[in-house]
Amino acid sequence: MLDIILNTHKKLNLNIGEIIEGEVIAKTPKEVFVDLGIFGLGRIYGSEYINNRDIIKNINIGEKIKVKVIGLEDKFGYVELSIKGVKNLIGWEKIKEAFEKKEILELEIKEANSGGLIVNCFSIKGFVPVSQLMPEYYPRVGENEKHKILQKLKSLVGKTLKLRIIDYDPQTEKLILSQKAAEEETIQNYLVQFKPGEIINGIVTGISKFGIFIKIKNTPLEGLAHISEIPSEKKDKLEVGAEVKAKILKIEKDRIFFTLKTES
């Protein structure tokens, strides 16, 4: 179908291994054709296509990409191209664009460790710290159950989460994403419905030595009731899953602080 594409550009001096930029003009299930301007038309095919399908599927017609020259002319007269060795460059460029546009990405959780979740973002390994997860995914465990954190995080492997890039550095290969940042608008829409002094119905989602975490029912909002804001007669009766009434002390950005001292 694409045999009618004529490679009419005059080829200038090209070197094997050289990285150049071109515009994607056509894609098939087996090939990608790239307009290299004065260097003619290039083609990614064969094993170069198969081995890099993960990045190629995210490349769109009309997009400018960087490619490596691996052959000056194939049997059809095209420059042979590869994105091996430069696919990270393409990935970081897409990451930069997504970061600047504050794009919300839907990514599958590939792995988990005790500190958070690992995803594949434009073929670059990214990290979602535990602190950047929404309450329903945050692994609340008791002080003597730290070993359960990894177990809870591993249960998320295979799930798809909405995430936003909050920090990246190609030089150190750092890529940090946040579920909270992706849900920021939703959180703010709920937050404006509440104000300090208001009594809410909540559910205890976690207990620690410095207080309890409470999720406001029917919302994604969660906050902390410091140990000093819990009546002594209540401390031994609270457990995860218990329903409580709490008073909002203050709201700072997306953080909510409660007291149980006025609980009715």
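**Salt bridges in the model**

Tutor: The structure holds 13 salt bridges, each being a side-chain nitrogen of Lys or Arg within 4 Å of a carboxyl oxygen of Asp or Glu. This is a predicted model, where local features need pLDDT of at least 70, side-chain atom pairs count only at pLDDT 80 or more, and totals for chains, interfaces and linings use all residues. Residues are numbered from 1 along each chain as its sequence is written, and side-chain values use heavy atoms, with hydrogens and water left out.

Student: Glu 23 and Lys 64 meet in a salt bridge, so how many residues apart in sequence are the parts it ties together?

Tutor: The N to O distance of this salt bridge is 3.9 Å. Glu 23 sits in strand E1 and Lys 64 in strand E4; strands here are DSSP runs of at least two residues, helices (H or I) of at least four, both numbered from the N terminus. The pair therefore ties together parts whose separation in sequence is 41 residues.

Student: Is Arg 164, the partner of Glu 184, buried or exposed?

Tutor: Their closest N and O atoms are 3.6 Å apart. Buried means under 20% relative accessible area, exposed over 50%, and partly exposed in between (1.4 Å probe, protein chains only). At 16% relative accessibility, Arg 164 is buried.

Student: Which residue forms a salt bridge with Lys 217?

Tutor: Lys 217 lies in the loop between strands E12 and E13, and is partly exposed at 31%. Its salt bridge spans 3.5 Å, N to O. The partner lies in strand E14 and is exposed at 59%: Glu 243.
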